[in-house]
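Subject: Structure handover

Hello,

Here is the structure I promised to pass on. Please open it first, then read the notes below it.

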Amino acid sequence: MTASATGRRLRGALVGYGFIGAQGHVPAYLKRRDVEIVAVADSCAGRRALVPALLPHAAIYDSADALLSAEKGRIDFVDIATPPCDHAAIARRAFELGLHVLCEKPLATRLADAAGLLEQAAKTRRVLFPCHIYTHAPVVSAITEIIHSGRIGKVRSVTLETFRNTHAKGVTEWNTNWRREVRWSGGGIAMDHGSHTFYLTFDWMNAWPTAVTAKMTNQEPARWDTEDNFSAVLTLPGGGLAHVHLTWTAGVRKVIYTIQGERGAITVDDDELQLAVQRATSGPDIGKGAISWDVERRTIASDWMDASHTRWFNAMFDEFLAAIGSGDYAGKEAQDAYRCIEIITTAYRSAGEACRELPLGALPPAGAARDP
């Protein structure tokens, strides 16, 4: 049962007051009546000085350890919005203290750490929930609704392309370019954007992949030790394929998705969605025009240019609350997060081995543990 179900506001602590924490999570929390952020930790003094402007009553700490030690017994969950290198350690400590965990992607930078978090969530009976925020973009929700309606039939392949003209810059008070340094990020654009791409693939293909082949490049190796271009092909059960391209060196910020089904296809270019569905056939020869198409076009405002994704946050947070209420400790979202890390780390190996196709499918531990 959630705290809000008993009439008490859920009390949370935010660890990491960088861009996504301060401009994404906090503004969304401030719109809710069922949760309050009562404590914030950040290692940067300049960032800590900014906390009172939005959270005047929050306690402020200079480390996650200091916050968790001082707030033990007074908070219900921790929201982890630090660079990925620290995600697993903070989540482990939170579980030890009996807290639920909401965590920015990727859940961890090593598969073994992700596996350990799923196991610990089930053992401590506390929810582990990743911030898989793209699921809640309005145009993505529209894609999922069309697929579930059956209008395009079984999905056979997807292509997901994410174009950025630079890596996402961090706050100026700390390390603006931390995403290009493996010590903080764990990897480049695959580690940063891969999770969004892969969990959407799982949803739209209704499966986890069985193999991956990948290639990546770094166009500025003298400056950075992470990749800025990444391409991969995932093999899915039944012969399905997912084609992935991620880049920080594009000339424009954009997402382009295509979903090919048995009876139709969906194409998305940012907010522009086109749906093509087959009409009844008038003859056996498709090549001679036996099939015609009904085409629908929609514009679905989704705020792709707002990197904070504040508009999408509370729909995701509702799912986090629902998981707490149902005892879904290491459920679908956590298992998807594990699979994302498996793909990313295996893709890095593939790219380092001349694009050799490598198998996927190590079973995530624990599974979905629920209250009886």
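How many salt bridges does a search of the whole structure find? It finds 23. A salt bridge here is a side-chain nitrogen of Lys or Arg within 4 Å of a carboxyl oxygen of Asp or Glu.

Before the details, some ground rules. This is a predicted model: local features need pLDDT of at least 70 and side-chain atom pairs need 80 or more, while totals for chains, interfaces and linings use all residues. Numbering starts from 1 along each chain as its sequence is written, and side-chain values use heavy atoms, without hydrogens or water.

**Salt bridges**

R151 pairs with E296, with the closest N and O atoms 2.6 Å apart. R151 sits in the loop between α7 (138-149) and β7 (155-163), and E296 in strand β14 (residues 293-299), so the pair ties together parts 145 residues apart in sequence. Helices (H or I, at least four residues) and strands (E, at least two) are DSSP runs, numbered from the N terminus. R151 is partly exposed at 34% relative accessibility. E296 is partly exposed too, at 30%. For these labels, buried means under 20% relative accessible area, exposed over 50%, and partly exposed in between (1.4 Å probe, protein chains only). Shared partners also join R9, R11 and E36 into one salt-bridge network.

E71 bridges to R74, at 3.4 Å between the closest N and O atoms. E71 is buried, at 4% relative accessibility. R74 is partly exposed, at 46%.

E96 is exposed, at 52%.

The buried residues of α5 (residues 87-96) are H87, A88, I90, A91, A94 and F95. They cover an arc of only 165° around the axis, which puts them on the same side of α5. The arc is taken from the directions from the helix axis to the C-beta atoms. These residues pack against β1 (10-15), α4 (64-71), β4 (77-80), β5 (100-103), α6 (111-124) and β6 (128-130). Contact means heavy atoms within 4.5 Å.

Six strands form an open, parallel sheet in the order β3-β2-β1-β4-β5-β6. Strands pair if DSSP finds at least two bridges between them. β3 (59-61) and β6 are the edges, each with a single partner strand, so one side of each has no neighbour in the sheet. Three bridges join β5 to β6. There, L102 stands opposite F129 in β6.

β11 (residues 254-261) and β12 (residues 264-269) pair antiparallel over five bridges. They form a hairpin with two residues between them. I259 stands opposite I266 in β12. β12 also pairs antiparallel with β13 (residues 272-278), over six bridges.

Best wishes
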